[in-house]
Number of protein chains: 2
Amino acid sequence: MRYLMVQIPNTPASSSPAPRSAPTSADVARLAGVSRATVSYVLNNTSAVRISEPTRRRVHDAAEELGYVPHAAARSLRAGQSRLVLMPSPAFPAGPLYGRFVAELQWALGHLGYTVVQCGTVGLHGDEAVRAWAELRPVAVLVAGADLAPQAVTVLKRAGARAVVTLGPEAVEGAHALLMDHTAVGRRAGRHLYDTGRRRVGVVVPVETGLDAFARPRLRGVRDALDGTDATVTELPLAYEEEAAARLAARWPELGLDGLFAYNDEYAMLLMRALQDRGVRVPRDTAVIGADDLMLGRLLRPRLSTVHLELPSGRRLAELVDRAVRAPGTPAERHTVLGTAIVRREST
Amino acid sequence: MRYLMVQIPNTPASSSPAPRSAPTSADVARLAGVSRATVSYVLNNTSAVRISEPTRRRVHDAAEELGYVPHAAARSLRAGQSRLVLMPSPAFPAGPLYGRFVAELQWALGHLGYTVVQCGTVGLHGDEAVRAWAELRPVAVLVAGADLAPQAVTVLKRAGARAVVTLGPEAVEGAHALLMDHTAVGRRAGRHLYDTGRRRVGVVVPVETGLDAFARPRLRGVRDALDGTDATVTELPLAYEEEAAARLAARWPELGLDGLFAYNDEYAMLLMRALQDRGVRVPRDTAVIGADDLMLGRLLRPRLSTVHLELPSGRRLAELVDRAVRAPGTPAERHTVLGTAIVRREST
């Protein structure tokens, strides 16, 4: 067995101290020699009340000394509004592109005074998940993917969410929508393969759960682009496994495809390797294009052509959330936010 | 410009309804014809009080009809304890291995009745981040990485956290520790290169922020393994960029290295490509080994040897958290939880 779990005896230094009761704002007020109201004004940064700089500093020092932390939940109950923005983790495996987007968004929302928390949806389904989100009383909810029902928006709003924003292929009633049109990705890829002389085009459709919301529109986009031309489109279901790729590559002669849109760069790497292992020359026999413009595409030989995706800027999305929170009654906004461009390298 | 942000005119159907005030437990009690206490007993699943099945069903139906969701914050204020487990997002770029680990952990904690939220640390530093975490009043905090100060543990405990658990190279006073000893990864790689006849070993150390906590112990592990032998160790700082890899590869003849531990599989792919582009034969001139055992290593030619990492099981970690929450006074536990094994392929 390679996996080890050994308990190491504790040294006295590592034993935790007996828990003390949490300091309250009354303790802070006593130590600073001010009223509890003053503590609240200072620590909540209320601008309505003028408090001298020395008093302000005394309160901060006392809070620091006692290790006092205001209770976000209590604060939001008092104020009737939290500053919590909830982002349920998407059901699809998030790649590096999405990771960078979330980091930028968190930074921008933090800058506007919000706290962003991501909440796992693993093990929760449909209604149950939405009720778990609602229990946290977020002021705004950002949902990536295509899974939100209109009733879910109602539940979240009744629980106090002033804005629900979806990022996905379609708008949901009552929610602001950032529309990511993945047919555009397929159209770009299909047109590029056609323009470079390919007429028998295969399109990889991953079989992994959660990717359908992207894979279907991408396939549809290729069909759109080649509709009415002399080119054909063949759908190629594929699991992200070496054996599955080898099986598909073994069928290549009978499929007779001269162009391949491989869903994204990672699936392109997988299938291109299997094709090369079987002696298929890329791009001579079959041209291959991926999507996402990841680093690994530049490290392949031939270097991988790809569809570069431009996600919405985190700063602009943060501004939309803030706008919606400030004026929750305004009609739902809809923005189209997915830019695409061909990066042609050696594989097409 | 490739990036598009166009506002689409709203149809009447997409405008959000005027916000209604959130239904309360009193509304549920009225509709169900029961007391507020009964609503609370039923919806909080209290087993201390016997309530008939028809009453229970009436309360659930009324809650459903009104779209009533209990307020987690209010509930935790009443009970003095939340079920929230906070996992600050790590400061290092999390790879697929870590992603799978977090998903499994969330599932296991969900199963035990906890809600897991991830909280970004982007844009917050040190004390500020810890105070933001404390404001959410989690019952437990799981911190990956090496950045937690002992004072931070005190702040979190004063704010009501019954357990703080770190996953990282070193234990922090007052917190339970899952010790991930990354020197073991370097020792494995170093010994493997030595055993296969390599004597001039290079070790990649990424220059990217946040990776030092892993890269330094891995380098130290290689040194440990080769200490007292006739082999030498050369530290190779490297940025995750093609140009940086090409510059390092250009210095290869003068470096004269016959073995390379490339930090992980992704850096191995980057540098192996640059070496091959300059005519260095792998493994004949230089043997290359990565770490993490990612799919991409199997897709390289030659196939990449790697150090396989075995992370702690999410289920066992969830049990540790639950145990600590139930008995917060017990001494901090320490477990060593990183298993390693060589996967030899063609590159060594």
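Let's start with a charge over a ring: B:Arg199 lies over the face of B:Tyr194, 3.6 Å from the ring centre. To count as that, NZ of Lys or CZ of Arg has to be within 6 Å of the ring centre and within 35 degrees of the ring normal. Chain B has another such case, with B:Arg83 over the face of B:Tyr114 at 4.0 Å from the ring centre.

Some housekeeping before I go on. This is a predicted model, where local features need pLDDT of at least 70 and side-chain atom pairs count only at pLDDT 80 or more, while totals for chains, interfaces and linings use all residues. Residues are numbered from 1 along each chain as its sequence is written, chains are lettered from A and ligands numbered from 1 in the order in which they are written, and side-chain values use heavy atoms, with hydrogens and water left out.

Now, rings against rings. How many aromatic pairs does the structure hold over all chains? Four. Rings of Phe, Tyr and Trp (its six-membered ring) pair if their centres lie within 6.5 Å; planes under 30 degrees apart are stacked, over 60 edge-to-face, and the rest tilted. Take B:Tyr263 and B:Tyr267: the centres are 5.6 Å apart and the planes sit at 85°, so this pair is edge-to-face. Both B:Tyr263 and B:Tyr267 are buried, and by buried I mean under 20% relative accessible area, with exposed over 50% and partly exposed in between (1.4 Å probe, protein chains only). Over in chain A, ring pairs link A:Tyr240, A:Tyr263 and A:Tyr267 into a cluster.

On to the cores. In soluble globular proteins, nonpolar side chains tend to be buried together. A nonpolar core here is a set of buried Ala, Val, Leu, Ile, Met, Phe, Trp, Tyr and Cys residues joined through side-chain atoms within 4.5 Å. The largest one has 157 residues, and A:Trp252 and B:Trp252 have the most contacts inside it. A second, separate core has 42 residues, including A:Leu84, B:Leu86, B:Val130 and B:Val141.

What does B:Trp252 touch, if we skip residues up to four places away in sequence? Contact means heavy atoms within 4.5 Å, and that gives B:Leu236, B:Leu257, B:Leu260, B:Leu271, B:Leu275, B:Val280 and B:Thr286.

For chain A as a whole, buried residues make up 53% of its 348 residues. Chain A has 14 helices and 13 strands; these are DSSP runs numbered from the N terminus, with helices being H or I of at least four residues and strands E of at least two. Looking at contacts in chain A with a separation of 6 or more, 70% come from residues 24 or more positions apart.

Next, a helix: α3 of chain B, residues 53-66. Its 14 residues reach 20 Å from first C-alpha to last, close to the 20 Å expected at 1.5 Å a residue; the expected span is 1.5 Å times one less than the number of residues. The buried residues of α3(B) are B:Thr55, B:Arg56, B:Val59, B:Ala62 and B:Ala63. They cover an arc of only 130° around the axis, so they are on the same side of α3(B); the arc is taken from the directions from the helix axis to the C-beta atoms. Those buried residues pack against α1 (25-32) and α2 (36-43) of chain B. B:Glu64 and B:Glu65, on the other side of α3(B), are exposed. Just after the helix, B:Gly67 takes a positive phi of about 70°.

Last stop, the loops. The B:Val282 to B:Pro283 peptide bond is cis, with omega near 5°, and B:Pro283 sits in the loop between α12 (265-277) and β10 (287-291) of chain B. Another cis bond joins B:Arg301 and B:Pro302, at an omega of about -5°.

Then there's A:Asp292, which has a positive phi of about 110° although it is not a glycine. A:Asp292 counts as buried, at 14% relative accessibility, and lies in the loop between β10 (287-291) and α13 (295-299) of chain A. B:Arg137 also has a positive phi, near 50°, and is buried at 16%.
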